[in-house]
Amino acid sequence: MRTRLGAAAGLAAIALLLSGCTASGSGLDGEPVEVDFALPDAGSLTSLGDAGWSSGVMFAVDELIGMLPELAPLRDEIAADDAAFGQSVVESFGLDGSGLAQSLAGGGQSRPVRAISDGQVLGNVLVGGFAPDVVSAAMDQVDEGQLGDQDSVSENGQTVTRDEDGDVSVVLERESQAGGSGGTAHAAESVRYDGTFCPGPDGRFDAIVQTSRNATGTGSAGGASYQQDVRVEAVGVLGEDAAPESMDVTVSQRTTRTDAAGSTTAVATAQHADWASWGGGSGLAPGGNAPRKTEDSIGSSEDVAQLVTDGQSQGDAIALGLVSNLMRTWSDGGCVRIDTDAPARVQPKSTTDFTIRVLRKVTDTEVTGPLHLTLAGEHDVDPKESVSTGGFHYTAEKQGTTGELTIVATSRQGGAKLTHTFTTQAVYRVTGGWTGFAVDTTICGADVFSTPAWGLQLAAGGGGYAFSGSTIGMSYDGGDGHILGLQGSWTLAVDEDGAPSGIDAQVSGMEATGAGTTHPNVTPIVMQSIHFDITPSDDASACG
């Protein structure tokens, strides 16, 4: 049970972080920059489920085109390259916006849009929101051996690196060049996901998203450039419930704009928000927490304010996505996984011992924290809450029933959920048969005996017994002229619990030796009794 920042509280905390609440203190020195941010309606992020990853470099390209309009015909080529790279990132890391959309949709709070388009807001939310998913997928790649013995692998502009502590960083970078009669344009993008997204035993996390977006070009009026660097960092400590006990978020940006006339505007600012629990903290909206300069700026106050609006607003959108999806990642198996040796099949009315282990991804070190077990079905599991990795027991009911066990693990290193289904399937050993033509075989589940057609093979080979409805048939061909054929009826005997205990059959037929010769010896067989014993078996190796 969450005792600190639960799911609903987490959304409230994010809303507070990005709302217009009055800051209780920015935690930063420097001259404040008075800017105005707009707040959109709550439905502005509804299309996230269909969205893909994007670096955000097209914002810099559009700013460049604003300074050199003759480069506008080159935009589609650069945008196509950017979209193709984004799709390759989605495919490489298996990204799906639907889960992120769910993380952001709850609560109906307003979201920061600033003075940029909805599409750009979505792109930046996704840059931050996909950060935990990319890191988690990279950790899975390490777990699956795709990194091998190497510390770093780079392909198609995507670099995955792991360190000795099991932390994984991902760098996604690309450059694009386009030219035409009007001039040339160059775009470069880099997104880095770094830090400790998945805490160690002390619960400390430090999740960092860094973006660099650069666009340069030349046209008839000369050269121009736009460079924007954003850094978002979330630092804090997870509690035993896999929810933050504390979290500080800092959004910083540095933007430089040089137009064709050689005039440069440059500014670096930052905002900081911190809180000890969801009930208190400071927001990033500038009405109560104005961005503060971290360096001396260059340019007019109006131009500086515009760059701050652009940089901080996009950084806040990244922060929104990052913080929202970190909550889901920590609680939903992004950092740890649950392993159990619980079997899929169990005997009726049996008690099965099994163990549960929670492991940190990449390092495979064991994680200690609360375990919560629930069971659906007419069964029992004990204990239902524990911090132990062993000593769990499942008690099954009668044949054909199932029990769905849900395991929820929480810890300072993250949480996870696993559903395991126990199927009560008895395993039986069937022995006996006509004298000299015995069977000794394993039957998986009592339902076999009620199927329309089933059979038992002779232990010595050469034939077997076939059951169809209430009819039994037996055939044997030894390959040496000795053949046997029987036909009759059968019934199934059950014990006091309704479990199968034996088969009784009445058969008649014929037996022949020297079959295939000119003088075979054929002997009629009048009605005879056949019995098979059915006993419980512990050998389920034949049951898959």
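The side chains of Asp 440 and Arg 429 meet in a salt bridge, at 2.7 Å from N to O. A salt bridge here is a side-chain nitrogen of Lys or Arg within 4 Å of a carboxyl oxygen of Asp or Glu. Asp 440 lies in strand S21 and Arg 429 in strand S20 (residues 427-434), so the pair ties together parts that are 11 residues apart in sequence. Asp 440 is partly exposed, at 43% relative accessibility. Arg 429 is partly exposed too, at 40%. Buried means under 20% relative accessible area, exposed over 50%, and partly exposed in between, with a 1.4 Å probe and protein chains only. The model is predicted: local features need pLDDT of at least 70, side-chain atom pairs count only at pLDDT 80 or more, and totals for chains, interfaces and linings use all residues. Residues are numbered from 1 along each chain as its sequence is written, and side-chain values use heavy atoms, with hydrogens and water left out.

By this rule the count comes to 17 salt bridges. Among them, Glu 240 and Arg 412 meet through their side chains at 4.0 Å, N to O. This pair links distant parts of the chain, 172 residues apart. Glu 240 sits in the loop between strand S6 (222-238) and strand S7 (244-258). Arg 412 sits in the loop between strand S18 (402-409) and strand S19 (416-424). The side chains of Glu 245 and Arg 412 also form a salt bridge, at 3.3 Å, N to O. Glu 245 belongs to strand S7 and Arg 412 to the loop between S18 and S19, so this pair ties together parts 167 residues apart in sequence. Relative accessibility is 34% for Glu 240, which is partly exposed. Arg 412 is partly exposed at 23%, and Glu 245 is partly exposed at 24%.

S20 and S21 also belong to an open sheet of 8 strands. Its order is S21-S20-S27-S26-S25-S24-S23-S22, with antiparallel pairing. Strand S21 (437-444) and strand S22 (453-457) stand at the edges with a single partner strand each, so one side of each has no neighbour in the sheet. Neighbouring strands are turned by 20° against each other on average, direction ignored. These angles are taken between axes, which are lines fitted to C-alpha atoms (for helices over the stretch in contact), and run from 0 to 180 degrees between N-to-C directions. S22 pairs with strand S23 (residues 463-468) in the antiparallel sense over 5 bridges. Two strands pair if DSSP finds at least two bridges between them. Gln 457 stands opposite Gly 464 in S23.

Helices (H or I, at least four residues) and strands (E, at least two) are DSSP runs, numbered from the N terminus. Helix H3 (residues 75-93) has 19 residues, which should span 27 Å at 1.5 Å a residue; its end C-alpha atoms are 27 Å apart, which agrees. The expected span is 1.5 Å times one less than the number of residues. Buried residues of H3 are Ile 78, Asp 82, Phe 85, Gly 86, Val 89, Val 90 and Phe 93. Seen down the helix axis, they fall within an arc of 145°, so they line one face of H3. The arc is that of the directions from the helix axis to the C-beta atoms. The face turned away from this buried side carries the exposed residues Asp 76 and Glu 91. Gly 94 follows H3, with a positive phi near 60°.
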